[in-house]
Amino acid sequence: MRNLIFGLMALIAMPLSANGLPGDPTRPTEYKPVVQSTKIVKRHYALTYLMVGEKRKVAVINGKQVVPGSKVDGARVLAITSQGVRLRVGNQTRMLTISKQTGFKKELSDRKRN
């Protein structure tokens, strides 16, 4: 009987957390932990410049000059070709291309200079 009373007193005195383990005695009793969710953000990569020569291959992605092997905004540049830039983003591979330019509008090219 004495052991039963001692055991009950020990259980009452020991605060338990949700998983059955003793709680932190320094934590306030009204404490509720904040759970932050991690949201996966899909990054956007914009290829704005591409130069491919015999010895030099350069591109500009998101405003940063890159060469094969360099990193830009969490992606590694795998290759730069005349067709575009191949990136590795996490465990995926993406191909960036430059949209074809149609040239200047006639009104702009025919405008007289002052």
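Two strands pair if DSSP finds at least two bridges between them. Strands themselves (E, at least two residues) are DSSP runs, as are helices (H or I, at least four), and both are numbered from the N terminus. The model on display is predicted: local features need pLDDT of at least 70 and side-chain atom pairs count only at pLDDT 80 or more, while totals for chains, interfaces and linings use all residues. Residues are numbered from 1 along each chain as its sequence is written, and side-chain values use heavy atoms, with hydrogens and water left out.

**First stop: the sheet**

Select residues 47–52, strand E1, then 57–61, strand E2, and 64–66, strand E3. Together they form an open sheet of three strands in the order E1-E2-E3, with antiparallel pairing. E1 and E3 are the edge strands, each pairing on one side only. On average, neighbouring strands of this sheet are turned by 15° against each other, direction ignored; the axes behind this value are lines fitted to C-alpha atoms (for helices over the stretch in contact), and angles run from 0 to 180 degrees between N-to-C directions.

**Second stop: E1 and E2**

Keep E1 and E2 selected. Their antiparallel pairing extends over five bridges, and a hairpin of four connecting residues leads from E1 to E2. To see where the two strands face each other, select Val52, which stands opposite Lys57 in E2.

E2 and E3 pair in the antiparallel sense over three bridges. Select Ile61 and its bridge partner in E3, Lys64.

Next, select Asn62, located in the loop between E2 and E3. Asn62 has a positive phi of about 50°, although it is not a glycine. Asn62 counts as partly exposed because its relative accessibility is 27%.

**Last stop: Asp73**

Asp73 is not a glycine, yet it has a positive phi of about 50°. With a relative accessible area of 28%, Asp73 is partly exposed.

Key: Buried means under 20% relative accessible area, exposed over 50%, partly exposed in between (1.4 Å probe, protein chains only).
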